[in-house]
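I opened the model to look up a few local features. My notes follow.

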Amino acid sequence: MRQISTVTGQAIPLNRADVDTDQIIPKQFLKRIERSGFGEFAFFDWRKDPDFITNDPRYKGAPIMLAQQNFGCGSSREHAVWAIEDMGVTAIIAPSFGDIFRTNCSKVGLVTVELPHDDVNYLMSRMEELPSTQIVVDVASQTVSVAGTDWKRQFSIDPFVKYRLLNGLDDVGLTMQHTDLIGEFESHRSALKPNTSNAFANTVKTP
Amino acid sequence: MTNDRPKTIIEKIWEEHLVRAHEGEPDLLYIDLHLVHEVTSAQAFESLRMNDRKVRRPELTLATVDHNVPTIDRTLPNPDPLSAQQIEVLRENCKEFGVPLWDIFDLRQGIVHIISPEHGLTQPGMTIVCGDSHTSTHGAFGALAFGIGTSEVEHVLATQTLPQAPIKTMSVEVTGTLGRGVTPKDVVLAVIRKIGVDGGIGHVIEYRGQVFRDMSMEGRMTVCNMTIEGGARAGLVAPDETTFAYLKGRDMAPQGEDWDKAVAYWKSLTTDEGATFDTYVELKGEDIEPHVTWGTTPAQSVGISQAVPKPEDAGTEWAQETAERSLKYMDLQAGVPIQRISIDRVFLGSCTNGRIEDLRAAAAIVKGHTVASTVKAMVVPGSGLVKQQAEAEGLDVVFKDAGFEWREPGCSMCLGMNPDILLPGERCASTSNRNFEGRQGAGGRTHLVSPEMAAAAAIAGHFVDVRDIK
């Protein structure tokens, strides 16, 4: 996972609530077996509307996305995070996020910032009125600020997600340091738990 | 954390799977079962390969193909080369990493959340994950089951564990009894309508109350399945005699002496008297009528006796804006009675309502009738075994005689990754779980309903109240 301390730049004001991952990356693109190259398909159907916000050249290359509550709800497809990442976005600010989407962001290395509605609305209006506005997301100090102004807000973040973001740590590697504890757990795990050992055998063909 | 305070079933399962707890870090939980399918696993296996890692416990893993498979003659080549490639990649990965795979010509193939319960592999007290948000289905057995992303799939493959940040608990209690024609699908749509699509964020739900006690395992699976549509990653029902009766004798459930030991343990999996939840929600079973969604989120639903609501009646400013957008997409006018909405397509199937009980309920409505001439309807059984059972009972004949297409098992038109999709503008009565824009095909319009309501709509050509039939 890449290391992230601050994200500075413009934000794309996507002023919608309950944006589900089917909108972020429609199903027809989930057939790809690669992990990259999803950016050109992000918001595929919404982007057919020339007025859709990601088509606005004033926000081209913005590293931050602003959205309303429950962003990334629905399907667990991590392809949604890969698509947003591939658009060049590294931080998303919204009043709340879908649980699986937020976890996926933390694994890929995107910062999800939760701010109250009023603060998100302020940033949304500001970006709509003054697209050149520079927003600073600082992971270490857990703050969002508007460059050149006094506006600054604190946000909360899971301390371990923060640690991993600041150090670029992949958590498979971190967990593998505890292989002994996993082995110990397995040594006294109930023998009554099912397993799929017999799932290999007796392949049953359809008539 | 003391061990003698009253606990919820959620806390009990969590604590029993705790591999490591450390201040300032998420708890590391052991995963009892990892279900794998073709769409969300390729990149995870690739990453294992790049990092020279193995699958730690292949025998706690089971793979199948469901999202991409065609539901027509499978002896023909897959019409979509990308789908064919993705399925082939899963085959190669399962072979290389030693993971059992129930492949396309295996009778046991089917939707991942249907096949595990029907073999008795899903059991009370387990932790179950899958790279699919509807993994919550398995909560019906009193298991802690939730959907994960591809990075987490890789994590579980490599370590058989998953770090989990603290969760909140929610009690959703539905008291009393359900009226005639009111199904588990209507219960869960009513719950989501009440809590909203984000009401469950950060929570695990326990479904409590008489309505769930009286519900079949199939019904509990329908309810738990749609938990994610209310924002909660997992939802469960404490196991009881209904659970044990369902599991007994299934080929992957404990047998003989082990069965008695397992049941004794399963009986301990209830929420203790005096345990508290972070959030409480309560509904009366008698208040719930058959539901139909009118919008593009699963919370946008009303009873069949109602009309499409006016956006200005929505609670918050946001709900109003969302309702206006939804009505425009759905091409509906506020105030139109739901029963006057005509449909073009009917989809009966999915991990929500593709089980044998669902097909029986729909067939009972269909029997002796004909699908309306304006409607194209299809039934997609949830698994090879569901299909076999339905055919043994003659349900396929009932459906085919009425004009339904009878297909091979898979996810099909729930998400339309295979050729089963809506055309732009088509309106569908669907027993699936998501009415998102374009979910069943770009420009398609989805109304979520129970199998009975879908069957009745197929015959009438528009929505009707199943309570008026017979």
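I took helices (H or I, at least four residues) and strands (E, at least two) as DSSP runs, numbered from the N terminus. The model is predicted, so local features need pLDDT of at least 70 and side-chain atom pairs count only at pLDDT 80 or more, while totals for chains, interfaces and linings use all residues. Residues are numbered from 1 along each chain as its sequence is written, chains are lettered from A and ligands numbered from 1 in the order in which they are written, and side-chain values use heavy atoms, with hydrogens and water left out.

**Entry: backbone in chain A**

I looked up A:D18. It lies in the loop between β2 (11-14) and α1 (21-24) of chain A. A:D18 is not a glycine, yet its phi is positive, about 55°. For burial I used these cut-offs: buried is under 20% relative accessible area, exposed is over 50%, and partly exposed is in between (1.4 Å probe, protein chains only). A:D18 counts as buried because its relative accessibility is 16%.

I then went to A:N70. This residue sits in the loop between β3 (64-67) and α2 (79-86) of chain A. A:N70 also has a positive phi, about 65°, without being a glycine. Its relative accessibility is 1%, so A:N70 counts as buried.

**Entry: strand β15 of chain B**

I checked the faces of strand β15 (residues 345-348) of chain B and found both covered. B:R345 and B:F347 are buried on one side, and B:V346 and B:L348 are buried on the other.

Next I looked for its partners. Two strands pair if DSSP finds at least two bridges between them. β15(B) pairs with strand β16 (residues 376-379) of chain B in the parallel sense, over 4 bridges. B:L348 has B:V379 as its bridge partner in β16(B). β15(B) also runs parallel to strand β18 (residues 427-430) of chain B, joined by 3 bridges. There, B:R345 has B:C428 as its bridge partner.

**Entry: salt bridges**

I counted a salt bridge where a side-chain nitrogen of Lys or Arg is within 4 Å of a carboxyl oxygen of Asp or Glu. That rule gives 44 salt bridges over all chains.

I picked out A:K48 and A:D45, whose side chains form a salt bridge at 2.8 Å, N to O. A:K48 counts as exposed because its relative accessibility is 54%. A:D45 is at 23%, so it counts as partly exposed.

A:R164 bridges to A:D171, with the closest N and O atoms 4.0 Å apart. Both A:R164 and A:D171 are buried.

B:K387 counts as buried because its relative accessibility is 14%. B:E391 is partly exposed, with a relative accessible area of 33%.

I also noted a network of salt bridges linking A:E186, B:R56, B:R57 and B:E59.

**Entry: a charged patch**

Which residues form a negative surface patch? They are B:E312, B:D313, B:E317, B:E321 and B:E324. Patch residues have over 30% relative accessible area and no salt bridge; like charges are joined within 9 Å, and nonpolar side chains (Val, Leu, Ile, Met, Phe, Trp, Tyr) within 5 Å. I placed B:E324 in helix α11 (residues 317-330) of chain B. B:E324 counts as partly exposed because its relative accessibility is 47%.

Conventions. Areas by Shrake-Rupley, 256 points an atom, 1.4 Å probe, with all protein chains shown as cover. Lys, Arg positive; Asp, Glu negative; His and termini not counted. Charge placed at Lys NZ, Arg CZ, Asp CG, Glu CD.
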